[in-house]
Amino acid sequence: MAIIQFIDVHKSYLSGAAPVTALQGVNLSFEAGDFVTIMGPSGGGKTTLLNLLAGLDLPDMGQIFLQDRKVSDLSDHDLTLLRRKEIGFVFQFFNLMPTLTIQENVELPLLLAHSSKTQGSRVQTLLEYVGLWDRAQSFPAELSGGEMQRVAIARALVHQPVILLADEPTGNLDSENGQKIIELMQRAASDFNTTVILVTHNPQIAACGNKHFEIRDGKLTPISS
Ligand SMILES: Nc1ncnc2c1ncn2[C@@H]1O[C@H](COP(=O)(O)OP(=O)(O)O)[C@@H](O)[C@H]1O
Ligand SMILES: [Mg+2]
C-alpha cells in the first residue's frame with residue numbers, strides 16, 4: 001500500500017496580477033520505509049510540495065492520498081490530528097523552543113496530541129536513540145548545531161509518525177555533522193518503517209536514500225541512481 005500518493009497535483013498562488021504556478025502535474029507514490037530525496041533550485045516548488053504533503057495546504061487540481069485517505073475530504077480538525085499524530089517535521093533552523101529543556105522539547109508533541117503514550121519513558125527512549133539522554137536537562141543554546149538537530153529528530157519521532165518531512169535538515173551544519181544527521185534519519189526510516197522525505201540543495205545529500213527526484217518549475221522528475 002502506498003503511504004503517500006499524488007495524482008496529477010497542481011498548485012498555483014495568486015500573487016499580484018498573475019497567478020504563480022508552484023506545482024504542475026505532480027505524480028508520486030511513496031511506500032512505508034522509503035527514504036526519498038528531492039533536490040531543486042529555489043522557487044522550484046519544494047516547500048509547496050512539503051506543505052501539501054503535510055496537509056497544510058490543498059491542491060487546486062488533482063488528488064492527494066495519505067494512507068488511503070483523500071486529504072481534500074478531511075476536515076480541518078482531522079488534518080490537525082493527522083499532523084500531530086502521523087507526521088514529524090525537521091527544519092533547517094531546528095526550531096527548538098529556547099526556554100524549554102531538551103527533555104521538554106522532545107515531550108512537546110506528546111503533550112499537544114494529549115498522547116496516552118507513556119511520555120517519560122518514550123522521551124528517554126528517543127533521547128537515548130539520538131545519543132543525547134545525558135543532555136536532557138540542558139537548554140538548546142547549550143548544544144551544538146548537530147546536537148540541536150539530533151534533538152529535533154527525537155522530537156519529530158517521539159509520537160511514532162508514519163511520515164517524516166525534512167526541509168534542508170543539513171543546511172546549517174558542516175558536512176561531518178550533516179552526514180551524521182542523514183545516517184540517523186536513514187536508521188530511523190529502517191528501524192521504525194517511517195517514510196522519510198528530505199528536501200535539499202546538496203547533491204551529496206540528495207544521493208542518499210532509495211528514491212531520488214528533482215523538482216524544477218513545479219515539475220517532479222525521478223533521477224535514476
Ligand atoms: N504564498 C505564496 N504566494 C505567492 N507565491 C508563492 C507562495 N508560496 C510559493 N510561491 C511561489 O511558488 C513557487 C514555488 O515556491 P516554493 O514552493 O516556495 O519553492 P522552493 O521551496 O523550491 O523554493 C515560487 O515561484 C514562489 O514564488
Ligand atoms: Mg522552500
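Residues are numbered from 1 along each chain as its sequence is written, and chains are lettered from A and ligands numbered from 1 in the order of writing. Because the model is predicted, local features require a pLDDT of at least 70 and side-chain atom pairs count only at pLDDT 80 or more, whereas totals for chains, interfaces and linings use all residues.

The chain contains seven helices and ten strands, where helices (H or I, at least four residues) and strands (E, at least two) are DSSP runs numbered from the N terminus. Its radius of gyration is 17 Å, close to the 17 Å given by the globule rule for 225 residues, so the chain is as compact as a globular protein of that length. The radius is taken over C-alpha atoms, and the rule is 2.2 Å times the number of residues to the power 0.38. Along the principal axes, the C-alpha atoms fill a box of roughly 50 × 40 × 40 Å. Of the 225 residues, 38% count as buried (20 or more other C-beta atoms within 10 Å of the residue's own; 12 or fewer is exposed, and in between is partly exposed, with C-beta atoms placed from the backbone). Among contacts between residues at least 6 apart in sequence, 72% join residues at least 24 apart; a contact requires C-beta atoms, placed from the backbone, to lie within 7 Å.

Two packed helices are described by the angle between their axes and the distance between the axes. Axes are lines fitted to C-alpha atoms, for helices over the stretch in contact, and angles between N-to-C directions run from 0 to 180 degrees. The axes of helix α5 (residues 145–157) and helix α6 (residues 175–192) come within 10 Å and cross at roughly 15°. This angle makes α5 roughly parallel to α6 (under 35 degrees; over 145 is roughly antiparallel, 65 to 115 roughly perpendicular and the rest oblique). The crossing of α5 and α6 is right-handed, a term for a near helix turned clockwise from the far one by less than a right angle, anticlockwise being left-handed. Helix α5 contributes Gly145, Gly146, Gln149, Arg150, Ile153 and Leu157 to the contact, and α6 contributes Asn177, Lys180, Ile181, Leu184, Met185, Ala188 and Phe192. By class, seven of these residues are nonpolar, four polar and two charged (Ala, Val, Leu, Ile, Met, Phe, Trp, Tyr, Cys and Pro are nonpolar, Asp, Glu, Lys and Arg charged, and the others, Gly among them, polar).

Helix α5 also packs with helix α3 (residues 102–112), their axes coming within 7 Å and crossing at roughly 30°. Helix α3 is therefore roughly parallel to α5, and this crossing is right-handed. Ile102, Asn105, Val106, Leu108 and Pro109 of α3 meet Val151, Ala154 and Arg155 of α5, giving six nonpolar, one polar and one charged residues.

Most residues other than glycine have a negative phi. In the loop between β4 (61–66) and β5 (69–70), glutamine 67 has a positive phi of about 50° although it is not a glycine. Aspartate 68, placed in the loop between β4 and β5, likewise has a positive phi, of about 70°. Glutamine 67 is partly exposed, with 14 C-beta neighbours inside 10 Å, and aspartate 68 is exposed, with 9 other C-beta atoms within 10 Å.

Aspartate 174 lies in the loop between β7 (163–167) and α6 and is exposed, with 11 C-beta neighbours inside 10 Å. The C-alpha atoms of aspartate 174 and threonine 221, 47 residues apart along the chain, are separated by 28 Å.

Definitions and conventions: Contact = placed C-beta atoms within 7 Å.
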